[in-house]
Amino acid sequence: MNPVDKFAELDRIFGTRKPVIGMVHLEPLPGSPRHDDRSMKEITDFALSEAHLLKEAGINGAIIENFGDVMFYKRVPAETIAAMTYVATNIAREVPGLTLGLCVLQSDAIAAMAIANIVGGKFIRVPYYTETYVVDAGLLDSIAAETLRYRKFLNADVKIFADVHIKHGYPISQRPIGESAKDAEHRGLADAILVTGVATGAETKMSDLKEVKESVDHTPVFVASGVDEKNLPLYKGIADGIILGTRIKKDNDTEAPIDPAKLNRFMEIARKTWSK
């Protein structure tokens, strides 16, 4: 069986083989511990404003994530799926041309796949895809087999972007990150592999990124935390894509709104150096 050209697939989905993807961090959704009296319209309006900023800056795609829902379920309830579908549908309609992905925390790849398939999303991010991890919610087992079969069942044109040794998680196997990446590629059949720092917004170690890139054969590798305009040139020769989050927020606060000046400054540098 001939392998899919995963780099060509990035080009098909994002219009470039080196995409820059932003995060749309949702405010607390109904049913979550910190949800107040904010209506779904208010929550959606904020998400739309963030998505518009990303699109206007020239970002290639955006991941919609229920970041405000701490503490996270391992598998989310129906009200979370309904709320995220509502928000994603509005973003897909109001911000055309912005390639959308879904990440349903803690690591509910089945919910993410279902939502993405309904709203026209092109990829999902799965924080804990292969291996078993110790996390603040307990133990999270691999969801790769279930996710791959569910995608097949839906016949969904949705790519799987899988983290390895992700922030806030500790793999029980305690093996090198390169070995984990190999399994995510060859056994988990991931369409892209994401490498992060130790916490949200933390800079990704160059050594981890290099080890993953050298360990995989034909899968794009993204630097997925702590990227900013200062360290972007260092990642250029290694990473195949970027995920932007905390470092483009006001005061580097993940729950704050996007800072347009920081975002535009980053994209100005990216246009000069990243895609060349």
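Q: Is aspartate 157 buried, exposed or partly exposed?
A: Aspartate 157 is partly exposed, at 32% relative accessible area; buried means under 20%, exposed over 50%, and partly exposed in between, with a 1.4 Å probe and protein chains only.

Q: What kind of model is this, and how are residues numbered?
A: The model is predicted: local features need pLDDT of at least 70, side-chain atom pairs count only at pLDDT 80 or more, and totals for chains, interfaces and linings use all residues. Residues are numbered from 1 along each chain as its sequence is written, and side-chain values use heavy atoms, leaving out hydrogens and water.

Q: Which side chain meets aspartate 157 in a salt bridge?
A: That of arginine 12, at 3.0 Å from N to O. A salt bridge is a side-chain nitrogen of Lys or Arg within 4 Å of a carboxyl oxygen of Asp or Glu.

Q: What does the pair tie together?
A: Aspartate 157 is in the loop between helix 5 (144-154) and strand 7 (159-163), and arginine 12 is in helix 1 (residues 6-14), so parts 145 residues apart in sequence are tied together. Helices (H or I, at least four residues) and strands (E, at least two) are DSSP runs, numbered from the N terminus.

Q: Which residues are in the network with them?
A: The salt bridges link Glu9, Arg12, Lys122, Asp157 and Lys159.

Q: How many salt bridges are in the whole structure?
A: A search finds 17.

Q: New topic: in what order do the strands of the open sheet come?
A: The order is 6-5-8, with antiparallel pairing. Two strands pair if DSSP finds at least two bridges between them.

Q: And which strands stand at the edges?
A: Strand 6 (138-140) and strand 8 (170-171) do; each has a single partner strand, so one side of each has no neighbour in the sheet.
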